[in-house]
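Keep the structure open beside you and try each task before reading its solution.

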Amino acid sequence: MRRTDFVRRAAVSEFLVVSALAFSLLVPIGPMGDQNIARPMYAGPEYWGIVETFSNVTTGTHGPATINDVTIFGLTDPWGNFTADTVVLDGWLYEMTAADARGTIMWYEPSGPSDRTDDWNLSLEVTKTKEDSSYESFNLSVQAGRQAMLVYLCNETDAIQAGIGFVTGSPANEAIRLYDPIGMSWTNVELDMWPAFPHDSEVFGLRPDRYLAAFAHSNNSPEITVTVTNSGTGVVFSGNVTVPATANIVWPKLRVEMDVDTGVLSTYPIATGWIVDNLMFRSMQSRHPITEPVYEFVEASDPVWIRVTDTSGIVITDASVAIEGIPAIFNAGTSRYEASFPRPVDWDAKYNYTVIADGVHIADTVAVTTMIDALSGVEISRWWNGWDWVSVFGRDDSSDATSADLTYKAFDHPTTSYMSSGFTGNSSDILKSQSEIALHYPHDWKTWGHSSWVTSIMSAEAGQSMLDEKYDFASRWDDPSYVGVGDTYISMANPGNTASWEMMFAQFQTGIRIMGTSSWTYLGGNNSLIGSYWINVPTGSWLPSWGSWHPYQKIDMMDMLRSVNTDSDTVYQLPTIQMTAENQGVVRFYNHNTITNASLLRWVVQQKNDFAYENWKATDGEVASYVNGRWSTDVKVDASSSGDKWVFDVSRQDPISRGYWRVPVTISFDITDLDIDYVRVVSGPWDLNSSDGSLQDLNKSREMDIGFDIRGDRLYVSYFWNESSRVEIKINQLENPRIVSEGVSQGFSYVQYSSVLDCTEPDNGPSVWVLDTDASWLAIDSSTDTSCVVSGVTANWGVYFANLTVSDGNSTSYLNWSITITRLKTVSGHVLNETSGAITGLLVTVTVKDGSVVRTLLTNTTDQNGFYTVTFTNDEWLLNDNIIVSATYDNRTEENSSSATANTAQEINLQFIPIIPEFGVMEIAIVASSIAALVTAIALIWRRKRTLRSA
């Protein structure tokens, strides 16, 4: 994270130079060899290069292992305990530590062309996800210790020629350091390190901010040029280091070491994480090509694309690029290399690409989500049945398949039981409540955030085995007797409250598809680098612009926030829920069999009459499976489609083979000005039709099922959409004009009632409006072809009916509604003592009189602000009645009165007058605004009386 103010400093810190070191003058310069000039694209003595991207290395490959020109290692302490893990995860080389760790974690010995000279540039990218700024930004009192990654340039005999150290942790340690091989000492060249901010948009994600450490040598020079560049800020440092006199650097290599002193925050060790990527060996004449994005979302008919730039961000236009073997042509309008080839609609599919720029060869992958081609009025809903956001109810530390059902039994909501012990009950027990059996085992909660790959795999497999042995299926959608295959457990609570990178990928590999927050502040890294589902932010704050609400890749849901713990009730919970709802996200509730905020949960499960966004009530597994289904479902217009019968061919990639459930996916259709005759879904042996009830009307259901729903101008159709399905919609054009709004059903005596009714444009002459009502006081105030205002005023109360029609030359539309008129009168005010202070807890009586006859009487007690309020309705008051407010305080009774007005709210205040010696209590009631003048007048009279008596 950035500093507390989240604003990047404008200037780089001044260099600290030690004169005794054998350095030449340190001069900030641009990156070497990145001039924007045209160069031929071939390998040879002048232009050559190769990049190790780890893109095709199997996930889980860990040290000790050799990958092409790279050798990786893990680290242990003297007793053999794991301290650092070097592992390839989804094409990134991760380095994660769990304790103090010192030693070599990687060697890079590039082979390079055999006919080259000693002119070369050797570099790598280093990504640090969190550094000391993170802890300051979150106001954490305990900060991390020193966490250093050291990169040494060595010669053929492994002798050090230069070095760069990236150090994070407490403010006293944080720095970028330069190593002098002659003096064998380090010098700070920058006192601040920036963390890796992701760069996500809705359609693509660029690589996070990272550091590029480059060592360059040319022409038998006795010096190495060392350059450190940050992708977000530019050149951080560039200078020369004198190499030892005996150096031989025709065949250079890089040695990477970890040097970590971890701190402890609360009960959790503070892990430190790094990513090493794009190790590059190139000629001095070749530019440093950078390829992006990490992922992209494109429609089926649009090309896949790659962008190639140098380290200054200047687009390289003369590269040779191919995607899946198809030449990618540079598009000057988009500044991208684009290749078109047939692709199925699918989510997060990896496509290989190659780039050659100035003889530098890069082979990498891009994650492509291929979306359906745009169809007018047709969308695949973000959430099931078109709801705005999602709620999930889960219980941790469950011992029975129905534990969560019992915990949330007072609420109408499916649940997820996170199993950690016991493992009792049967899978069939959850079918009635449409709930889910999920994982919360093993539960090594203090160390799971720092497990190695080997340990993580063992834990992940152990948890899955426990569920496999005890239960037959995880949910209705996993039930083999319905549409599932059984033993597909895809949901997990936070694995011990935290998770390392290794744990996320290990759990994913063994079957988990959605997991709890892994991006805790005190962890060294989180999956937000490539698109977190929700990054962990300070309580009550808004998600920052560099975070994300929705998963861009499958692994993103392994880092999904569980945001509301019902074990406690805080003021932040409702704002957090509403913020998530407004961004169409997921709110995951959980507890340990304690609910302290029942009213909040009731609000979640009930219809939202006071909130603009409605939620789908789901389980974790339904959420993950729906996201997969949404992005892997294709919709095409069928050749048999016509004007009055829409026909669409719908297909979906097999979810079960990818570890998800086969759940219904919702397609929505714009039906403005249309009437639906029937909806039919045909898929294999299934033939469901709304006309005979076999395709059910979901009727605004918020729990997942198959069927159709009509809300407003949208038709929602939810089905499994297997390999080949078809949906037919028979439509009728509605007649016009047509009333499209509802009448106002509530009004008040003496107050103008008004209802604006709208209709569609007439298609045969002007609109003619007619009102039929038993309310003699009601009439059409004004009208046009598309609207009509019905209004009036009455002193009476009661229920009236209204029938409004609109007609043109060939059709008529009507609307019936009832109007309830209430004679409402709310009387309120403040009760103040003799010094204008509020009197709390005082009984106030409000009486309504018609002359001397009492119509009604109400009482209320003043609140902490001295405020009372009562409400009369219907025959309890009439216009010009006398309203009397009275109260007794300190053996004094005061009253104030006013005539009843036509307003529905009326203010009558009450002030107690001080007792005047010899005159007793002045029997006059006065509002608060005039008390000061009265007290002054009384004081003058009292002073005059005392003067006369003295005389």
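**Exercise 1: a pocket**

The second largest pocket holds about 430 Å³ of space. A pocket here is an open set of points on a 1 Å grid over the protein atoms alone, where a 1.4 Å probe fits, with protein on both sides within 12 Å along at least five of seven lines; lining residues have an atom within 4 Å of a point. This is a predicted model, in which local features need pLDDT of at least 70 and side-chain atom pairs count only at pLDDT 80 or more, while totals for chains, interfaces and linings use all residues. Residues are numbered from 1 along each chain as its sequence is written, and side-chain values use heavy atoms, leaving out hydrogens and water.

Task: describe the lining of the second largest pocket.

Solution. Start at the centre: of the 19 lining residues, E202, R382, H550, Y552 and W631 are the closest to it. Next, sort the lining by type, which gives 9 nonpolar, 6 polar and 4 charged residues. Finally, look for the main contributor: helix α7 (residues 620-631) supplies the largest share, 3 residues.

**Exercise 2: a strand residue**

Task: is T847 buried or exposed, and which residues does T847 touch?

Solution. First locate T847 in strand β53, residues 843-850. Then check accessibility: T847 counts as buried because its relative accessibility is 10%, and buried means under 20% relative accessible area with a 1.4 Å probe, protein chains only. Last, list the contacts (heavy atoms within 4.5 Å): leaving aside residues up to four places away in sequence, T847 touches V854, T856, L857, N882, I883 and I884.

Terms used:
Helices (H or I, at least four residues) and strands (E, at least two) are DSSP runs, numbered from the N terminus. Buried means under 20% relative accessible area, exposed over 50%, partly exposed in between (1.4 Å probe, protein chains only). Grid points are joined across faces, edges and corners, and a volume is the space filled by probe spheres set on the points. Ala, Val, Leu, Ile, Met, Phe, Trp, Tyr, Cys and Pro count as nonpolar, Asp, Glu, Lys and Arg as charged, and the others, Gly among them, as polar.
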